[in-house]
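Please open the model in your viewer and keep the selection tool at hand. This tour goes from one selection to the next and says what is there.

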Amino acid sequence: NYHERQMPARHEVYVAISPNNSMRDGLGLLWNETGDNQPLTTPWSGYAFNHADVKAAYLNYCRSVINYFNPDYIAIGVEVNLVKQFIPTQWAAYVDLQSETYDALEIEYPDLPKFVTLTGIDLVEGYSNSNHTDQMAALTDIMDYTDYYAISLHPFFAEVPGAAIPLDMFEKIFASSLNMDAKPVCITETSFPAQRLSMTAYDPDITLAGTAAKQKEYFTLLLNEA
């Protein structure tokens, strides 16, 4: 099939899936043969993350993805600490879903690294408008259900024209890994714009004041730290 044909034999395979939607403020939307990101229908539109049907559906989806792609690494939750930030009343339900999914997959696929990703800038006090105490609590809640301390990093400094990228950014982000029982660390996705970019999917719109020079500065720092 198409995806298998695109995977060079010498490459490892990383797959990322998630039960939360792309805006990280609710359950994943409906995908079917007519399109993706469609509104959920009844009764799914009223389900919490830890509803029995959601748990069963997500575990089955994880199994089908693993069996299809045979990945070397799989993320089973993407930027999950944003659930704590955007919809804190649903965080406990999300952790319930994550814990049961992880435990079941650990039994069935014990040698496959399974993890969630976290937004790095929200784990450092002062780097974002997230509540630092809440973010550290979320980190503690999720640590038993992720094999890696895995970071999604799209530095917010790009939003400030002329702002310098702190040279200790990675040190501060990964200092939080001390709370993760010395789990392996990785960056699962990252970016830095080379030009001014407006993101209109948000309310209000977000303007990223990137430049080619700042992009080079960021990726040089990233690779040096790696």
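This is a predicted model: local features need pLDDT of at least 70, side-chain atom pairs count only at pLDDT 80 or more; totals for chains, interfaces and linings use all residues.

Residues are numbered from 1 along each chain as its sequence is written, and side-chain values use heavy atoms, with hydrogens and water left out.

**Largest pocket**

Select Leu-82, Phe-86, Glu-159, Tyr-202 and Ile-206, which lie nearest the centre of the largest pocket among its 34 lining residues. A pocket here is an open set of points on a 1 Å grid over the protein atoms alone, where a 1.4 Å probe fits, with protein on both sides within 12 Å along at least five of seven lines; lining residues have an atom within 4 Å of a point. The space in the largest pocket is about 1,100 Å³, a volume being the space filled by probe spheres set on the points, which are joined across faces, edges and corners.

Next, colour helix H3 (81–86) and strands S6 (149–153), S8 (196–199) and S9 (206–209), each of which supplies at least two residues of this lining. Helices (H or I, at least four residues) and strands (E, at least two) are DSSP runs, numbered from the N terminus. H3 gives the most, three residues. By class, the lining of the largest pocket has 18 nonpolar, eight polar and eight charged residues. In this count Ala, Val, Leu, Ile, Met, Phe, Trp, Tyr, Cys and Pro are nonpolar, Asp, Glu, Lys and Arg are charged, and the others, Gly among them, are polar.

**Second largest pocket**

Move to Ser-18, Gly-28, Leu-29, Trp-31 and Tyr-61, the residues nearest the centre of the second largest pocket, which is lined by 22 residues. Strand S2 (30–32) and helix H2 (52–69) are the elements that give two or more residues to this lining. The largest share, four residues, comes from H2. The volume of this pocket is about 750 Å³, and its lining divides into 14 nonpolar, seven polar and one charged residues.

**H2 against H4**

Angles under 35 degrees count as roughly parallel, over 145 as roughly antiparallel, 65 to 115 as roughly perpendicular and the rest as oblique. Contact residues (heavy atoms within 4.5 Å) include Tyr-58, Cys-62 and Ile-66 of H2 and Leu-97, Thr-101 and Leu-105 of H4. The contact of H2 with H4 has eight nonpolar, one polar and five charged residues.

**H4 against H5**

Now select helix H4 (residues 91–108) and helix H5 (residues 132–142), which pack at an angle of about 25° with their axes 10 Å apart. That makes H4 roughly parallel to H5. Show Trp-91, Tyr-94, Val-95 and Gln-98 in H4, which meet Ala-138, Asp-141 and Ile-142 in H5.

**Two backbone points**

Zoom to Thr-42 and Pro-43, joined by a cis peptide bond with omega of about 5°. Pro-43 is in the loop between strand S3 (35–38) and H2. Finish at Asn-70, in the loop between H2 and strand S4 (73–77). Asn-70 is not a glycine, yet has a positive phi of about 45°.

Technical notes:
Axes are lines fitted to C-alpha atoms, for helices over the stretch in contact, and angles run from 0 to 180 degrees between N-to-C directions.
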